[in-house]
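Here are my notes on the model, as numbered points. Please read them with the coordinates open.

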Amino acid sequence: MTMTEQHHLTLTTRGRGSTEITDDIAALLRTSSITTGVAHVFVRHTSCGLAITENADASVRYDLETLLARWAPDADPAYRHDLEGDDDMAAHARSLLTGCSVSIPFTAGRLLLGTWQGIYLFEHRTQGHRREIVVTLTG
Amino acid sequence: MTMTEQHHLTLTTRGRGSTEITDDIAALLRTSSITTGVAHVFVRHTSCGLAITENADASVRYDLETLLARWAPDADPAYRHDLEGDDDMAAHARSLLTGCSVSIPFTAGRLLLGTWQGIYLFEHRTQGHRREIVVTLTG
Amino acid sequence: MTMTEQHHLTLTTRGRGSTEITDDIAALLRTSSITTGVAHVFVRHTSCGLAITENADASVRYDLETLLARWAPDADPAYRHDLEGDDDMAAHARSLLTGCSVSIPFTAGRLLLGTWQGIYLFEHRTQGHRREIVVTLTG
């Protein structure tokens with residue numbers, strides 16, 4: 001029989017950059033009675049994002065920030081939305097590109113991530129924020 | 001016990017731009033017998049997309065259109081695909097960036113969206129189109 | 001009652017470009033006892049991706065490669081990460097943009113894709129690689 005479990009995580013970021021949350025998700029699986037299914041991870045904000053990327057060399061995530069800044073520059077003169085400052089609209093645009101959820105298959109209580117895959121919370125604002133994440137396990 | 005429910009929505013867009021569909025998804029949840037799970041929303045087209053973004057200031061979605069036009073310009077001389085006009089290939093490229101599905105956790109018949117998150121159908125063609133959406137509730 | 005089924009596929013790519021896998025996923029559904037739900041497709045790598053795009057005119061996927069090369073150029077002087085060559089960081093950046101999973105609703109053992117939608121594995125490295133895909137059917 002299939003079951004659904006829902007968990008809430010809260011992280012406080014230290015400003016723009018990425019934080020690995022793979023272990024937080026893996027820990028929920030270890031104590032779950034659901035053995036096989038999909039872990040859905042969702043962030044309840046529009047100025048940060050979730051993505052799966054390379055977990056071995058931190059320079060990959062450094063270079064992703066370089067590209068995100070190129071794709072969605074801070075303080076772009078074309079922006080109309082700047083209520084919260086130069087990084088406000090850029091953060092929403094970065095959020096569109098990274099997305100606000102990832103979903104990962106699991107079995108036997110283990111995420112089926114590849115060897116080099118990690119799950120990361122990307123803070124898109126320059127200042128740190130308190131970020132709420134909802135993890136739903138279905139299987 | 002877990003259940004699955006599937007619903008079909010049809011929207012007619014008025015050309016390039018975004019239309020909020022949060023209430024359409026929320027309404028399906030209110031009448032569902034599934035209390036906790038994930039709502040999967042899928043658009044059956046390759047020239048529009050679905051995304052979750054800021055719902056308070058319409059200028060955010062105006063600025064996202066400005067960036068989408070920069071990332072995937074209409075009538076780019078590099079395009080080979082232009083059967084349906086200058087916006088044809090640009091629409092497929094915008095669709096790659098926004099994606100064609102979003103999934104949102106819910107509980108007690110309510111979407112667990114953040115305060116500032118809305119679910120939007122992005123029409124990527126310049127003309128309006130009839131768009132079919134499939135909503136699958138699992139929980 | 002809801003059920004979950006998990007399947008593993010392995011594809012060997014021939015280098016940068018896209019390979020349609022729609023029929024591979026459809027075949028799993030035809031032999032499944034799950035009639036209605038969502039098919040979750042996940043690639044266990046950070047230098048390739050999965051995306052749903054136009055399936056009729058191959059020039060669409062040719063043009064998407066043109067844009068991916070513009071968004072995430074090979075050998076960009078700004079990159080710090082180049083352990084595996086000029087296409088290494090570009091492949092991780094393309095993977096962020098395409099994502100590493102897609103999910104498609106199905107019913108009566110058939111994917112609810114639109115007429116022009118195909119599911120594609122995008123190889124982001126210049127050389128071919130062996131790619132592992134996990135398909136989880138829940139419904």
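1. Salt bridge between chains A and B. The rule finds one salt bridge across this interface. The criterion is a side-chain nitrogen of Lys or Arg within 4 Å of a carboxyl oxygen of Asp or Glu. The partners are A:Asp76 and B:Arg70, with N to O at 2.8 Å.

2. Basis. This is a predicted model: local features need pLDDT of at least 70, side-chain atom pairs count only at pLDDT 80 or more, and totals for chains, interfaces and linings use all residues; side-chain values use heavy atoms, with hydrogens and water left out. Residues are numbered from 1 along each chain as its sequence is written, and chains are lettered from A and ligands numbered from 1 in the order in which they are written.

3. Polar contacts. Between chain A and chain B, 13 residue pairs are in polar contact, both residues at pLDDT 80 or more. Such a contact is a pair of N or O atoms within 3.5 Å; within protein, one must be able to donate a hydrogen and the other to accept it, and residues adjacent in sequence count only if both atoms are side-chain atoms.

4. What does chain A bring to the side that touches chain B? Two or more residues each come from strand 1 (4–12), strand 3 (37–43), helix 3 (88–98) and strand 8 (130–138) of chain A. Helix 3 of chain A gives the most, with five residues. Elements are DSSP runs numbered from the N terminus: helices are H or I with at least four residues, strands E with at least two.

5. Extent. Chain A contributes 30 residues to the contact and chain B 34 residues; contact means heavy atoms within 4.5 Å. The two chains bury about 2600 Å² between them, 65% of it on carbon and sulfur atoms. That is accessible area (1.4 Å probe) lost on being put together, summed over both parts.

6. Symmetry. Chain A superposes on chain B by a rotation of 120° with 0.0 Å of shift along its axis (RMSD 0.0 Å). That is the relation of a three-fold axis.

7. Sheet in chain C. Five strands form an open antiparallel sheet, ordered 1-8-3-5-6. Strand 1 (4–12) and strand 6 (110–111) of chain C are the edges, each with a single partner strand, so one side of each lacks a neighbour in the sheet. Pairing requires at least two DSSP bridges. Strands 3 and 5 of chain C are joined by six bridges; C:Ala39 has C:Ile104 as its bridge partner.

Key: Copies are superposed by least squares on the C-alpha atoms of residues with pLDDT of at least 70 in both.
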